[in-house]
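Please open the structure in a viewer and keep the selection panel at hand.

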2 protein chains.
Amino acid sequence: MVSGFARGLQVIEAFEEDRPRLAIADVAKATGLDRATARRCLLTLAELGYADYDGKFFALTPKILRLGHAYLSATPLPRLVQPFLDGLSEKVGQSSSVSVLDGAEIVYVARASQRRVMSINLMPGSRLPAYCASMGRVLLAALPVEEARSLLEQTPRTAFTPQTKTELPELMTELAKVREQGHAVIDQELEMGLCSIAVPLLDSRGRVMAALNIGAPAARVPAADLADRYLDALKDVASSLQPLLR
Amino acid sequence: MVSGFARGLQVIEAFEEDRPRLAIADVAKATGLDRATARRCLLTLAELGYADYDGKFFALTPKILRLGHAYLSATPLPRLVQPFLDGLSEKVGQSSSVSVLDGAEIVYVARASQRRVMSINLMPGSRLPAYCASMGRVLLAALPVEEARSLLEQTPRTAFTPQTKTELPELMTELAKVREQGHAVIDQELEMGLCSIAVPLLDSRGRVMAALNIGAPAARVPAADLADRYLDALKDVASSLQPLLR
DNA sequence: TCGCTCCTGTGCGCTATACGAACAAAGATC
DNA sequence: GATCTTTGTTCGTATAGCGCACAGGAGCGA
């Protein structure tokens, strides 16, 4: 365990949303590191060109994107699914995405956006809480029940809309339903006006590797119609991909 | 300078395209680090959940995307430009992007894709060589002449298509032209069938911060028509953004 | 089967790094 | 303007990680 490395990664992650420019003490507070340690890490980042330093504040530079890019360009999944995603998205005229689970969050690894339906901009690397996203439900449902429960318990579950399901028993029931029917439907739980449907992506050994979804404006496509309209197309893509995965 | 941290970042970057799974010795070779050092860094990555280890090979996990995400969500530029990009892209019916310079490469920091025109998939974090991309020409043209020349000299310049300009004098002449006319046009230098036009994005102090482009299929929009069709729209967006930048 | 090569894992001196406290400087509060 | 807080920085010391060297395995061809 190279603790200097681990500390440095903590420092990078300290630059979260709404905190683009941080002073040494900010980073020390956010990471729990000693100020002297935080300073050394930040100066190292600056020296290597991953951060800018104006004498007071540090800010990450685009060079930091190399780190995530290493994953997106090197990992088979994003590159394999992208053409399928493009085809699917064009065929149904809606955005579609693939994501994987990281803790209690889903991480977008590929996306084909048709037009913008969400207020926030999703792209590879974006994260959403799993409990209220269609792909998140699918991925949680694939875990052993107790593992899913434990993840949900440890996660703050805020209600983004009046329809967001936040209670643990309700969510566990929902996961069971998803597990049984093989897909998940979300009706404006993350954002009003947005609904989506997701299916699991299985690898050649039948394990759930990722989830695939289609998102649509609720005004045009009621949540109740999602399965009728899109489920076949989603399943087609999933089964085309299965032999290619791993 | 925390050398353990610096070494760790090198290790992450060792996972490039076409090399998703690396053994310890591979990483040591790619980074020039001692095997024992590479091993410690890799085990640290695995312990923190940034990498998987099957006893033989290491592979990055999606958690690594948190690092780049810290930049994309925290930095003002990507968040500010995205809505403008969406509007522009929808208006002209073509993909548009914003990128910044990192060494001799451009890095996409935001993108609104209409339909797929390129064989490769571009997304935030993607990189292209600056010398043969429209945004790259704009960004290079904004540098002091000698700095641009030095960057181009040190970069391998391969011809992706028969039209790619690779000779240093020719490129320098091209940069002078771009500097004079205030925009750059690329006609199938990166990929056959694809042309694009880019303008600089200035901050409120008039410095070039980034570049904005529109890409189009050459079959539908000849390169000669790009300026007539899109230059006004690009300039409009650039001047709307200027007061908002920094 | 025997060498040969390449790989991984590990132990050990030596160096460099992190720690914690102490110091100086700059605001903040009254 | 004096006091209190918070900031960035410095410094000596204990320690953790570095690189080298060696041992055990796996794969490969003769």
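**Before starting**

This is a predicted model, in which local features need pLDDT of at least 70 and side-chain atom pairs count only at pLDDT 80 or more, while totals for chains, interfaces and linings use all residues. Residues are numbered from 1 along each chain as its sequence is written, and chains are lettered from A and ligands numbered from 1 in the order in which they are written.

**Stop 1: both chains**

Display chain A and chain B together. A rotation of 180° with 0.1 Å of shift along its axis places chain B on chain A with an RMSD of 0.1 Å; the copies are superposed by least squares on the C-alpha atoms of residues with pLDDT of at least 70 in both. The two copies are thus related as by a two-fold rotation axis. To find the axis from chain B, select B:Phe5, whose C-alpha is the nearest to the axis in that chain, 2.0 Å from it.

**Stop 2: the interface**

Select next the residues where the chains meet. Here 50 residues of chain B are in contact with 49 residues of chain A, contact meaning that the C-beta atoms of two residues, placed from the backbone, lie within 7 Å. Several elements of chain B give two or more residues to this side, among them helix H1 (3–13), helix H3 (35–48) and helix H5 (76–92). Helices (H or I, at least four residues) and strands (E, at least two) are DSSP runs, numbered from the N terminus. Which element of chain B gives the largest share of the side that touches chain A? That share, 10 residues, comes from H4(B).

Colouring by residue class shows 26 nonpolar, 12 polar and 12 charged residues on the side of chain B that touches chain A. In this scheme Ala, Val, Leu, Ile, Met, Phe, Trp, Tyr, Cys and Pro count as nonpolar, Asp, Glu, Lys and Arg as charged, and the others, Gly among them, as polar. Of the interface residues of chain B, 98% are also interface residues in chain A, so the copies meet through the same surface.

**Stop 3**

**Stop 4: a sheet of chain A**

Select the strands in the order S5-S4-S3-S8-S7-S6 of chain A, which form an open sheet of 6 strands with antiparallel pairing. Two strands pair if DSSP finds at least two bridges between them. Strand S5 (127–129) and strand S6 (184–187) of chain A stand at the edges with a single partner strand each, so one side of each has no neighbour in the sheet. On average, neighbouring strands of this sheet are turned by 30° against each other, direction ignored.

**Stop 5: strand S8 of chain A**

Is S8(A) largely enclosed or left open? Of its 10 residues, 8 are buried, so S8(A) is largely enclosed by the rest of the structure. A residue is buried if 20 or more other C-beta atoms lie within 10 Å of its own, exposed if 12 or fewer, and partly exposed in between, with C-beta atoms placed from the backbone.

On one pairing, strand S3 (residues 95–102) of chain A and S8(A) run antiparallel over 5 bridges; A:Ser95 has A:Gly215 as its bridge partner. On another, 9 bridges join S7(A) to S8(A), and A:Pro200 stands opposite A:Ala211.

**Stop 6: the loop residue A:Gln188**

Finish with A:Gln188, in the loop between S6 and S7 of chain A. Most residues other than glycine have a negative phi. A:Gln188 is not a glycine, yet has a positive phi of about 55°. The hairpin of S6(A) and S7(A) has 6 residues between the strands. A:Gln188 is partly exposed, with 18 other C-beta atoms within 10 Å.

Terms used: Axes fitted to C-alpha atoms, helices over the stretch in contact; angles between N-to-C directions.
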